[in-house]
Amino acid sequence: MGDNGRVTLYRDEGIVLRTQKLGEADRIVTVLTRRSGRLRAAAKGVRKTRSRFGARLEPFTHVDLQLYERRSLDLITQAETLRPYGERLVVDYPRYTAGTAMLETAEKLTAAEREPALRQFLLLLGGLRTLADGTHDPRLVLDAFLLRSLSVAGWAPALDECGRCGDRGQLRGFSIAGGGAMCARCRQPGTATPAPPTFALMLALLRGEWDYADDSEQRHRTECSGLVAAYLQWHLEHGIRSLRHVERDSGERGTAVPERGPDTPEAGDLSGAGDLSGARDFLGARDVPGAGDFPGAGDVPGARGASGGRDAEQPAGSGGTTDRETV
Ligand SMILES: [Zn+2]
């Protein structure tokens with residue numbers, strides 16, 4: 001990019017994934033950006049001053065950044081908060097752990113720094129927004145995010161056909177290594193045999209069919225979460241550490257409280273979440289500043305997503321935003 005000796009400033013928006021200490025007062029901030037993919041940059045003085053600048057660079061925050069290009073770590077010179085999602089997540093443990101798992105997964109799935117990952121960025125943005133809105137069970141939101149992220153990464157599991165032979169008949173098993181659903185003929189002994197509604201739930205989450213997902217039974221959600229987590233962990237050889245907190249948490253709920261946990265704040269209004277607004281929110285970035293001026297969305301590497309991912313972007317169709325034309 002910049003030539004030697006020339007000062008280069010650039011802007012991008014992004015979601016703060018992580019921060020690390022740097023020296024006495026500084027931080028290294030890892031951000032998944034709209035244009036530049038995942039990058040790490042230095043923020044000066046943010047720990048010493050307790051400045052608003054520092055608060056804008058906390059995990060979960062959607063920020064507009066100005067950066068100064070340097071030979072090593074670029075320097076963040078300005079940060080404006082677009083949405084402080086963290087504020088609404090830290091007060092609710094299930095939502096917070098789900099959000100943390102999203103951030104970690106987004107980081108692991110964008111392995112190379114500065115490789116554009118627009119679809120992953122949009123998924124994370126939509127996922128955090130849906131999580132913060134509280135219109136759906138946090139674990140469902142997380143699983144939808146994980147399934148779609150896997151899809152964007154090119155690892156969508158087969159869900160409505162056999163992953164080995166493509167048969168759309170009776171699906172009996174789910175094979176992590178085999179790529180998802182397996183028909184009765186292809187199923188290897190010892191593979192998981194989820195209930196048919198669990199397959200349907202996974203498909204609904206992949207496609208953003210929240211009506212179906214919100215009405216699903218807890219046992220199918222638990223089974224779905226287990227399969228999604230195992231599938232993700234298998235593909236990401238290094239485990240998603242924060243997912244274990246979610247698993248432990250939901251595992252306890254799953255065994256001790258078969259019904260949806262009464263302590264889930266939004267449990268009461270899940271049935272009322274019948275419209276597609278949540279799905280739209282999850283999928284789009286309609287009202288995100290700068291959404292309209294993003295050029296070249298067509299050549300994003302991660303855009304080769306499986307059909308499930310493409311389908312998932314269809315119903316939003318409110319039209320008009322550049323984000324929609326990612327594929
Ligand atoms: Zn088969």
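1. Helices, at least four residues long, and strands, at least two, are DSSP runs numbered from the N terminus. With that naming, Arg114 sits in the loop between H4 and H5. The model discussed here is predicted.

2. Overall make-up. The protein chain holds 12 helices and seven strands. It has 327 residues, and 44% of them count as buried. Take the contacts between residues at least 6 apart in sequence: 62% of these join residues at least 24 apart.

3. The barrel. Five strands form a closed barrel in the order E1-E2-E3-E5-E4. The pairing is mixed. From one strand to the next, the twist averages 45°.

4. E1 covers residues 9–22 and E2 covers residues 26–33. The two pair in the antiparallel sense, over eight bridges. Thr19 stands opposite Val29 in E2. In general, strands of a sheet pair through backbone hydrogen bonds, either parallel or antiparallel.

5. Helices on the strands. Helix H4 (residues 93–109) packs on the sheet. H4 touches E1, E2 and strand E3 (37–43). Its direction makes about 110° with that of E1. Helix H5 (residues 118–133) lies across E1, E2 and strand E4 (61–68). H5 runs at about 100° to E2.

6. The core. The largest nonpolar core has 72 residues. Which of them touch the most other members? They are Val31, Met102, Leu124, Leu128, Met202, Leu205 and Val228. Domain 1 (9–84) and domain 2 (92–326) both give residues to this core, so the core lies between them.

7. Leu205 up close. Leave out residues up to four places away in sequence. Leu205 then touches Leu140, Asp143, Ala144, Leu147 and Ala213.

8. Phe60. This residue has a positive phi, near 80°, and is not a glycine. Phe60 lies in the loop between helix H2 (52–55) and E4. Is Phe60 buried or exposed? A residue is buried if 20 or more other C-beta atoms lie within 10 Å of its own. Phe60 has 24 other C-beta atoms within 10 Å, so it is buried.

9. Arg114. Here too phi is positive, at about 65°, in a residue that is not a glycine. The residue belongs to the loop between H4 and H5. Exposed means 12 or fewer C-beta neighbours, and partly exposed lies between that and the buried limit of 20 or more. Arg114 has 15 C-beta neighbours inside 10 Å, so it counts as partly exposed.

Definitions and conventions. Residues are numbered from 1 along each chain as its sequence is written. This is a predicted model: local features need pLDDT of at least 70, side-chain atom pairs count only at pLDDT 80 or more; totals for chains, interfaces and linings use all residues. Two residues are in contact if their C-beta atoms, placed from the backbone, lie within 7 Å. Two strands pair if DSSP finds at least two bridges between them. Axes are lines fitted to C-alpha atoms, for helices over the stretch in contact, and angles run from 0 to 180 degrees between N-to-C directions. A nonpolar core is a set of buried Ala, Val, Leu, Ile, Met, Phe, Trp, Tyr and Cys residues joined through C-beta atoms within 7 Å. Domain bounds come from an automatic or database domain assignment.
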